[in-house]
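Q: I have a sequence and a structure open side by side. Please show me how to read them, feature by feature.

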Amino acid sequence: SLSGKTAIITGSTSGIGLGIAKELAKAGADVVLNSFSDTEADHKIAADLAAEFGVKAVYIQADMSKGDQCRALIEKAPGCDILVNNAGIQYVAPIDEFPVAKWDAIIAINLTSAFHTTAMALPRMRKAGWGRIINISSAHGLRASPFKSAYVSAKHGIVGMTKTVALETAKEPITVNAICPGYVLTPLVEAQIPDTAKEYNMSEDEVIEKVILAKTPSKEFATVEQVGGIAIFLCSPSADQITGTAISVDGGWTAE
Ligand code: NAD
């Protein structure tokens with residue numbers, strides 16, 4: 001059980017982040033939820049998790065595109081035993097048409113935020129004598145697809161950061177790993193279907209079958225519960241010697 005541990009999950013009001021938060025709460029961890037907004041609905045997600053699983057849950061607003069806010073999130077969190085760097089966005093365009101602001105936002109949210117949160121989390125983990133850092137990369141952290149230059153760069157970058165920080169903490173009771181999902185049907189994936197349809201001049205159904213799941217040998221989406229289950233495993237004693245690795249949850253995509 002993870003009872004007595006506190007997990008901070010960035011970008012956790014929807015999709016994979018929320019799925020991981022639920023699995024961690026189910027396993028007994030107190031959870032800190034995060035996104036960039038500050039609405040009643042955001043705080044209600046935390047209250048609902050606390051009620052459902054009998055753990056402490058708080059929502060802390062922080063924009064992961066801003067370094068000072070990434071750092072403040074870790075400072076404000078009531079505990080910091082497990083850090084899940086999950087916040088991420090996507091944008092699809094050929095590189096010569098790629099908006100500079102989109103490039104900057106993707107690199108900031110999908111890569112640089114984890115630098116800031118990790119830098120702040122490690123001293124707290126060292127003080128507590130235990131820590132788990134789980135970076136949500138992607139199959140695109142190991143492979144490329146056209147029109148996703150910023151995303152593929154950031155996701156490869158986070159795999160590199162995972163290895164580096166694992167080496168820096170290797171002699172300590174702290175592990176640092178990446179999870180590399182293939183496609184999970186979340187709002188992030190749903191949102192890119194229309195743009196991808198335009199790029200490939202296809203219908204949206206054709207995009208799911210021929211583009212999105214084209215590289216997935218299993219022809220199935222992974223689920224947020226499955227990704228959450230890998231996070232639970234990485235927090236278990238069985239995973240004490242697993243550090244600096246990238247675990248694929250991709251239906252065979254990167255086997256090819
Ligand atoms: P999502 O859009 O459903 O959720 C993203 C979350 O991040 C939301 O809670 C959103 O509010 C939050 N967020 C966005 N910008 C933020 C910011 N500036 N500051 C703080 N929070 C912010 O997306 P998802 O599919 O659940 O993706 C989660 C992570 O998993 C991302 O890093 C994504 O790259 C990665 N991933 C997703 C898939 C997939 O198929 N869905 C596959 C591989 C990797």
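A: Start with contact. Two residues are in contact if their C-beta atoms, placed from the backbone, lie within 7 Å. One caution before we go on: this is a predicted model.

Q: Which residues does Ile89 touch, not counting residues up to four places away in sequence?

A: With that cut-off, Ile89 touches Ala105, Ile106, Ile109 and Asn110. Now place the residue. Ile89 sits in the loop between strand 4 (82-85) and helix 4. Next, take a distance. Ile89 and Ile107 are 18 residues apart along the chain, and their C-alpha atoms are separated by 9.4 Å.

Q: How do I read burial, and where does Ile89 fall: buried, exposed or partly exposed?

A: Count neighbours. A residue is buried if 20 or more other C-beta atoms lie within 10 Å of its own, exposed if 12 or fewer, and partly exposed in between. Ile89 has 18 other C-beta atoms within 10 Å, so it is partly exposed.

Q: Why does Thr169 count as buried?

A: Thr169 counts as buried because it has 20 C-beta neighbours inside 10 Å. Thr169 is in the loop between helix 5 (149-168) and strand 6 (174-181). Leaving out residues up to four places away in sequence, Thr169 touches Ile174 and Val176. Thr169 and Asp195 are 26 residues apart along the chain, and 41 Å separates their C-alpha atoms.

Q: What can the phi angle tell me about Asn201?

A: Asn201 has a positive phi of about 55°, although it is not a glycine. It lies in the loop between helix 6 and helix 7 (204-212). Asn201 counts as exposed because it has 7 C-beta neighbours inside 10 Å.

Q: What is phi for Lys219, and where is the residue's place?

A: Phi of Lys219 is near 60°, again a positive value in a residue other than glycine. Lys219 is in the loop between helix 7 and helix 8 (224-234). It has 10 C-beta neighbours inside 10 Å, so Lys219 counts as exposed.

Q: How do I describe two packed helices?

A: Use the angle between their axes and the distance between the axes. Take helix 3 (residues 67-76) and helix 4. Their axes come within 8 Å and cross at roughly 35°. The crossing is right-handed. Helix 3 makes the contact through Gly67, Cys70, Arg71, Leu73, Ile74 and Glu75. Helix 4 brings Thr112, Ser113, His116, Thr117, Met120 and Ala121. The residues of this contact divide into 5 nonpolar, 5 polar and 2 charged.

Q: Which residues come nearest to the ligand?

A: There are 28 residues around the ligand, and Gly11, Gly15, Gly88, Thr186 and Leu188 come nearest. Then ask which elements supply the shell. Helix 1 (15-26), strand 2 (30-35), helix 4 (100-128) and helix 6 (187-200) each give two or more residues. By type, the shell has 13 nonpolar, 14 polar and 1 charged.

Q: Now the whole chain. How many helices and strands are there?

A: The chain has 8 helices and 7 strands. Its radius of gyration is 18 Å, close to the 18 Å that the globule rule gives for 256 residues, so it is as compact as a globular protein of that length. The C-alpha trace spans about 55 × 40 × 35 Å along its principal axes. Of the 256 residues, 46% count as buried.

Q: And how many contacts join residues at least 24 apart?

A: Consider contacts between residues at least 6 apart in sequence. Among these, 73% join residues at least 24 apart.

Technical notes
Residues numbered from 1 in each chain as written. Predicted model: local features only at pLDDT ≥ 70, side-chain atom pairs only at ≥ 80, totals over all residues. Near = placed C-beta within 6 Å. Helix = DSSP H or I, 4+ residues; strand = E, 2+ residues; numbered from the N terminus. Nonpolar A, V, L, I, M, F, W, Y, C, P; charged D, E, K, R; others polar. Rg over C-alpha atoms; globule rule 2.2 N^0.38 Å. Axes fitted to C-alpha atoms, helices over the stretch in contact; angles between N-to-C directions. Left-handed = near helix turned anticlockwise from the far one by under 90°.
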